[in-house]
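Reader: Hello! Could you take me through a few of the labels used here and show what stands behind each of them?

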Amino acid sequence: SVVGFSEQLSKSELPDEQADQVEAIRNSSEMLLALVNEILDFSKYEVGKINLENAPFIPEDEIMEVFNSMNVLAVNKNLVLENKVTLEKGICLLGDRLRLKQLLMNLLTNAIKFTSSGKVTLKVHLVLHGKKHGQLKVQVEDTGIVIAPEDLGFIFDEFAQVYYSAKARQQGTGLGLAICKKIVELQGGKINVSSTLGKGSVFSFEIP
């Protein structure tokens with residue numbers, strides 16, 4: 001209600017000061033909604049109340065849907081979102097397409113948020129093990145703020161808030177990466193991070 005009515009109010013003819021106040025209400029309410037959803041989402045993983053889907057899907061279609069929506073965020077920040085998805089056309093996988101999209105969205109959103117100039121690159125490829133099995137490997141690279149070595153060890157922890165600098169403070173619960181870790185591990189995969197001074201950070205995961 002707060003988000004909806006503040007959006008309606010913002011379309012009215014308001015004095016500048018009131019328009020700014022309505023925009024602040026809308027932004028804060030959207031942030032609060034995201035925060036509550038993230039806590040609820042995490043609590044489901046924490047107590048194991050998650051049923052992973054195992055259905056056929058075309059990975060390229062799902063990945064490009066996320067890529068295109070994230071590209072809007074990148075363009076708004078004058079960043080390049082680079083597409084290095086190399087999947088065989090029409091290849092079909094069995095798994096949970098929505099969890100894959102959630103992983104991609106979380107990692108790309110973070111990369112764009114903490115990158116002020118340069119680019120964010122999405123790399124995806126499939127390593128086949130015989131005819132029926134494979135490993136989906138995903139990398140999200142950015143040219144953003146470097147993560148300090150002492151922070152790398154707990155960046156996937158619950159409620160971890162890493163303050164990279166006074167200018168780039170995290171907003172939210174610090175649960176986004178913890179949720180990513182749980183999604184990956186529930187599917188028998190693993191997730192990693194590396195960060196290099198002068199280059200940026202790389203978040204990568206692989207899922208069987």
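Author: Gladly! Let me start with accessibility: buried means under 20% relative accessible area, exposed over 50%, and partly exposed in between, with a 1.4 Å probe and protein chains only. This is a predicted model, where local features need pLDDT of at least 70 and side-chain atom pairs count only at pLDDT 80 or more, while totals for chains, interfaces and linings use all residues. Residues are numbered from 1 along each chain as its sequence is written, and side-chain values use heavy atoms, with hydrogens and water left out.

Reader: Thanks! Why is Phe156 called buried?

Author: Its relative accessibility is 11%, and the limit is under 20%, so Phe156 counts as buried. Phe203, at 9%, is buried as well.

Reader: What makes Phe156 and Phe203 an aromatic pair, and what is its geometry?

Author: Rings of Phe, Tyr and Trp (its six-membered ring) pair if their centres lie within 6.5 Å; planes under 30 degrees apart count as stacked, over 60 as edge-to-face and the rest as tilted. Here the centres are 6.1 Å apart and the planes make an angle of 85°, so the pair is edge-to-face. The structure holds one aromatic pair.

Reader: Which parts does that pair tie together?

Author: Phe156 lies in the loop between α5 (149–152) and α6 (176–186), and Phe203 in strand β7 (residues 200–207), so parts 47 residues apart in sequence are tied together. Helices (H or I, at least four residues) and strands (E, at least two) are DSSP runs, numbered from the N terminus.

Reader: How do you know that Lys101 and Glu65 form a salt bridge?

Author: A salt bridge needs a side-chain nitrogen of Lys or Arg within 4 Å of a carboxyl oxygen of Asp or Glu. The closest N and O atoms of Lys101 and Glu65 are 2.9 Å apart, so the pair qualifies. Lys101 sits in helix α4 (residues 97–113) and Glu65 in helix α3 (residues 59–76), 36 residues apart in sequence.
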